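Please read them with the coordinates open.

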Amino acid sequence: MDSTDIDRFDASRFEASRNRLASLAYRLLGSATDAEDAVQDGFLHWQAADRQRIEVPEAWLTKVVTNLCLDRLRSAQARRERTAGAWLPEPLLDGDPMLGPADTFEQRESVSLAVLTLMERLSPVERAVYVLREAFSYSHAEIAEILDITESASQQHLHRSRRRITTARRRDGSEVDPASARRIVEEFLAAATSGRTERLVALLTDDAIAISDGVGGTAEKLLQFDTPQRVAAVVRAGLKPTAAKRRLAGGTPAIHYALLNGAPAILFVLGDQVRGTATFDIANGRIATVHGIAAPTRLARLTEAWRRHGPDTPLIAQW
């Protein structure tokens, strides 16, 4: 085998791990764009390495990409962006390979917008331990090797991260079935667009919150509303169509139902462009959290996926 064949063979070995690495990086960073950059940096490290001495490429690549992501999370720029109060995860349409494994409840939870947002409360190492264990089922011995920590430290980080996320999740640990989730969202949309505030409040948990990056995603800090009454009021106002909102959107969008990161959501779609999303975290048959995202940079990959999405019947054809 000549050097060209070796390079081609080694490139194919990397490509075999690309989707898994991208899914890992996305969970760690919450951004598809940053995840793609981290995986590409991992490929450059792979090309520069003495690959003949790497016994288990998958383990080596996992370690490299995980630590590249940790470097990004620890960077001064990332700290500024994420502590400025204007950071939200980038939503992905169900079926996107970057969402990765979804066989277990823990795997599905680890990629939800609710948990990706809560993981901002963890240190970078706690976040890495949580993702590697919950989403990819690595043993504590393997995690210790990846992160250069002890097994005991890995166990402690996992315990702390699970406690912080579980405490903040405010749900009973069960999953809502798809038909019920869609019915709740459709009822919520109908109540919001008709101005039925009492019905909106009834569909929300007692400690419901809404988090948004503002109209057009332009808010300097995230907008947060933390009572059912305030959530209902802002949703009712936000979903009431007006001429000014249509001018801002560039036309009259349709509202579609979709699953984003495994959760029920509505998409505001104008032509083939997703202009905004609202994703719902449902607990015990009611809506616990609403994530509203409208920043174009957060919707770029979603828009590309939506363009490949088969046509469906919108919930509202002209909003």
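1. Two strands are taken to pair where DSSP finds at least two bridges between them. On that basis strand 1 and strand 2 pair in the antiparallel sense, over three bridges, and within this pairing Ala210 stands opposite Phe225 of strand 2. The model is a predicted one, and the remarks below should be read accordingly.

2. Strand 1 also has a partner in strand 6, with which it pairs in the parallel sense over five bridges; here Ile211 is the residue that stands opposite His291 of strand 6. Seven of the nine residues of strand 1 are buried, which leaves the strand mostly covered.

3. Strand 3, which spans residues 254-260, is largely enclosed by the rest of the structure, because six of its seven residues are buried. Its pairing with strand 4 is antiparallel and runs over seven bridges, with Tyr257 placed opposite Ile266 of strand 4. The two strands form a hairpin with two residues between them, and Asn261, in the turn, has a positive phi of about 50°.

4. The largest pocket has a volume of about 930 Å³. It is lined by 35 residues, of which Gly214, Val215, Gly238, Phe268 and Ala294 are the closest to its centre. The lining divides into 23 nonpolar, nine polar and three charged residues. Among the elements that each supply at least two lining residues are strand 1 (204-212), strand 2 (223-225), helix 12 (228-239) and helix 14 (296-308), while strand 5 gives the most, with seven residues.

5. Which residues touch the most other members of the largest nonpolar core? They are Tyr26, Met119 and Leu147, in a core that holds 44 residues. Several helices each supply at least two residues of this core, including helix 2 (32-48), helix 3 (57-74), helix 7 (124-134) and helix 9 (151-169), and helix 1 gives the most, with eight residues. If residues up to four places away in sequence are not counted, Leu147 touches Thr66, Leu70, Val125, Ala128, Val129 and Leu132. Another core, of 27 residues, lies apart from the largest one and has Ile184, Ala192, Tyr257 and Ala278 among its members. In soluble globular proteins, nonpolar side chains tend to be buried together.

6. Val111 is found in the loop between helix 5 (105-110) and helix 6, and it counts as buried because its relative accessibility is 5%, where the cut-off for buried is under 20%. Not counting residues up to four places away in sequence, Val111 touches Tyr26, Arg27, Leu99, Leu116 and Asn261; of these, Tyr26 has already been named in the largest nonpolar core, and Asn261 in the turn of the hairpin. Between Val111 and His159, which are 48 residues apart in sequence, the C-alpha to C-alpha distance is 19 Å.

7. Is Thr193 buried, partly exposed or exposed? Thr193 lies in helix 10 (residues 178-194) and has a relative accessibility of 32%, so it counts as partly exposed. Leaving aside neighbours within four places in sequence, Thr193 is in contact with Leu239 and Ile316. The C-alpha atoms of Thr193 and Ala237 are separated by 8.7 Å, although the two residues are 44 residues apart along the chain.

Technical notes:
Residues are numbered from 1 along each chain as its sequence is written. This is a predicted model: local features need pLDDT of at least 70, side-chain atom pairs count only at pLDDT 80 or more; totals for chains, interfaces and linings use all residues. Side-chain values use heavy atoms; hydrogens and water are left out. On a 1 Å grid over the protein atoms alone, a cavity is a set of points where a 1.4 Å probe fits but cannot get out, and a pocket is an open set with protein on both sides within 12 Å along at least five of seven lines; lining residues have an atom within 4 Å of a point. Grid points are joined across faces, edges and corners, and a volume is the space filled by probe spheres set on the points. Helices (H or I, at least four residues) and strands (E, at least two) are DSSP runs, numbered from the N terminus. Ala, Val, Leu, Ile, Met, Phe, Trp, Tyr, Cys and Pro count as nonpolar, Asp, Glu, Lys and Arg as charged, and the others, Gly among them, as polar. Buried means under 20% relative accessible area, exposed over 50%, partly exposed in between (1.4 Å probe, protein chains only). A nonpolar core is a set of buried Ala, Val, Leu, Ile, Met, Phe, Trp, Tyr and Cys residues joined through side-chain atoms within 4.5 Å. Contact means heavy atoms within 4.5 Å.
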